[in-house]
Amino acid sequence: MPASVFAILSIVGVLVAYAFVVGWLDRRTARLERERLDLESKLAPDDLPPGAGTFLGAIDRSLELPADLRAEIRAELHAHLSDSIEALEAEGLDGEAAAREATARLGRPEELARQLRAAHQTTRRLLAGAAGGVFWTGVGLFEGWVIAIFLLVLGLPAILAAAWVVTALHISPDWDAAGANTLVYCLLLAVTAFIAARRGNAAVATISRRPARRIGRCWGVGGAAAVALLVLFVVPVEQTAFVPPAELAIAAAFAAGALVRPGRALVGRPPVRAVIAASLIAFLVPTLVLVAAGTSQTELTAIGGELSPAALGWDRVAREYPGTEGALRTDGAEMRQPVIEFNATIDGLSLAGWRDVRFEAWRSRRIGPINHYAIDARFATPFATEPAVADSAGAYRVRFELGHVRSTDYWTIFLTGVGPDGGRYRIGMGRPAESRFNGTIWDWMTAAE
Amino acid sequence: MSETKAAARTIERALAGDATASGFELLRRIDGGTPEFERGLYPTLHRLEADGRVAARWEATPAGMRRRYRRSQWAWLTSTRH
């Protein structure tokens, strides 16, 4: 499957999954909130006649203010109704009629709740809340990063064990540290974004006196969109086909942080002994797996006797010209993402009579742990060629731009030319090396294969 | 002058000086308040409080009920009886 299709499908998959999860969480949070409000209404003080209690319950349900503020308003109106009913009873009304009259004087509960809400939820408070939210999101970023690093340390043996399994089973022959690092960073940033979003959302809700659930929708969607735009178009990252969905997961984590049980503790405080036991298990079990695995590092059969040009795929570049062994001498190869600069000289071979001498950059793959490369069999042509022109000192310089080319994580540069007999020959090869696609997701999506 | 502003003025006048009152006591003090005034009493009190023009504090009654008392913000700051 082409990388771009995989990346698009992954992104669509992440977004659809995110929409489902967020929708479900939102409905669940709303249901829990309704149940809590109903319970509070049932637990309303019973020293008021039933009509007054119903009136207070109706206001409480319509207020949409933070819980502590709702409780204050409820207590204040409770005291008012109590005084008012007492005064009306003193004027000769019976209890029920007094309650009816007292509540009627305050107007419709929904309208009173609306006016009280408007008195607290001012635009000035919303702006102050937004500023406070940005500040506390910054604090949450720091806090979240510390927690994420702690979790990483705790889960390090598990990650190493997973990496060992992946390597041992050859699930990904191009498995490398750079790609893994990017994924781990994405994971750390997702945890950080989740915690920062919670912090920011709680601050906005508290300062602006608006319900955390309602603020969470705006804060989560707005923040997630900002993060997504940042990773899509601004921040260059070492990209592979797995990285775009992982990067977008950071944005999804931000949205989830603002939407999952906003304004309330995510989990109850677990028993200390359970935390210690879980940490030990999470740390010890993968460690034991690694110890049991011992030093049985998978040895690739290609290493040790089978590194012939045919086995490595070099013969697919061109036949080797007789007697050119060591003709190309690499003076220097510099890899600066995303550019390869290559300097070389040719020893013991005159190129007089040769034509179309050129450097060819071929995609390669790493076949061993250290500096063992073979031609990537998925590609039949080089991804770039440059004419080889010697300067006055007889040195060749070549420069390949890799900024918008995918699948060039590993590469090998060959010098080829059309010899005196009319056939193309491989004159020599430069030192194989690796570079990473370093760009944004958008660069990755729009890059050439 | 809008109805809301008029109600706010009335409340501020009632809380002038060192006066302290709960919402119900305010109604008693403003004898003859219209039904509209009573309906808008608490929203107006909360708006004045949000604007910093009125300060509030809770007091417990002997019966165990809590009442919220309000006074002018300036009187609250200069008063020695907190």
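1. Glu72(A) and Arg68(B) form a salt bridge in which the closest N and O atoms are 3.8 Å apart. This pair crosses between chains, running from helix H3 (residues 67-90) of chain A, which holds Glu72(A), to strand E3 of chain B, which holds Arg68(B). The model is a predicted one, and the values below should be read accordingly.

2. A salt bridge also joins the side chains of Glu76(A) and Arg70(B), with an N to O distance of 2.4 Å. Between chain B and chain A the count is four salt bridges. Over all chains, the count by this rule comes to 24 salt bridges.

3. Polar contacts between chain B and chain A amount to five residue pairs, where both residues are at pLDDT 80 or more. On the side of chain B that touches chain A, the elements giving two or more residues are helix H2 (23-29), helix H3 (35-39), helix H4 (41-50) and strand E3 (66-72) of chain B. H4(B) provides the largest share of that side, with five residues. Sorted by class, the side of chain B that touches chain A has nine charged, eight nonpolar and three polar residues.

4. As to extent, 20 residues of chain B are in contact with 23 residues of chain A. The size of an interface is often expressed as the accessible area lost when the parts come together. Here chain B and chain A bury about 2000 Å² between them, and 57% of this lies on carbon and sulfur atoms. Within chain B, the residues that lose the most area to chain A are Phe24(B), Tyr42(B) and His46(B), which together account for 30% of what that side buries.

5. A separate point concerns the surface of chain A. Leu229(A), Leu230(A), Phe233(A), Val234(A), Val235(A) and Trp442(A) make a nonpolar surface patch of about 560 Å². Helix H8 (residues 212-234) of chain A gives the largest share of the nonpolar patch, four residues. Leu230(A) is a residue of helix H8 of chain A.

Key:
Residues numbered from 1 in each chain as written. Chains lettered and ligands numbered in written order. Predicted model: local features only at pLDDT ≥ 70, side-chain atom pairs only at ≥ 80, totals over all residues. Heavy atoms only, no water. Contact = heavy atoms within 4.5 Å. Buried area = accessible area lost by both parts, 1.4 Å probe. Polar contact = N/O pair within 3.5 Å; in protein donor to acceptor, adjacent residues only side chain to side chain. Nonpolar A, V, L, I, M, F, W, Y, C, P; charged D, E, K, R; others polar. Patch = residues over 30% accessible without salt bridge, like charges linked within 9 Å, V, L, I, M, F, W, Y side chains within 5 Å. Areas by Shrake-Rupley, 256 points an atom, 1.4 Å probe, with all protein chains shown as cover.
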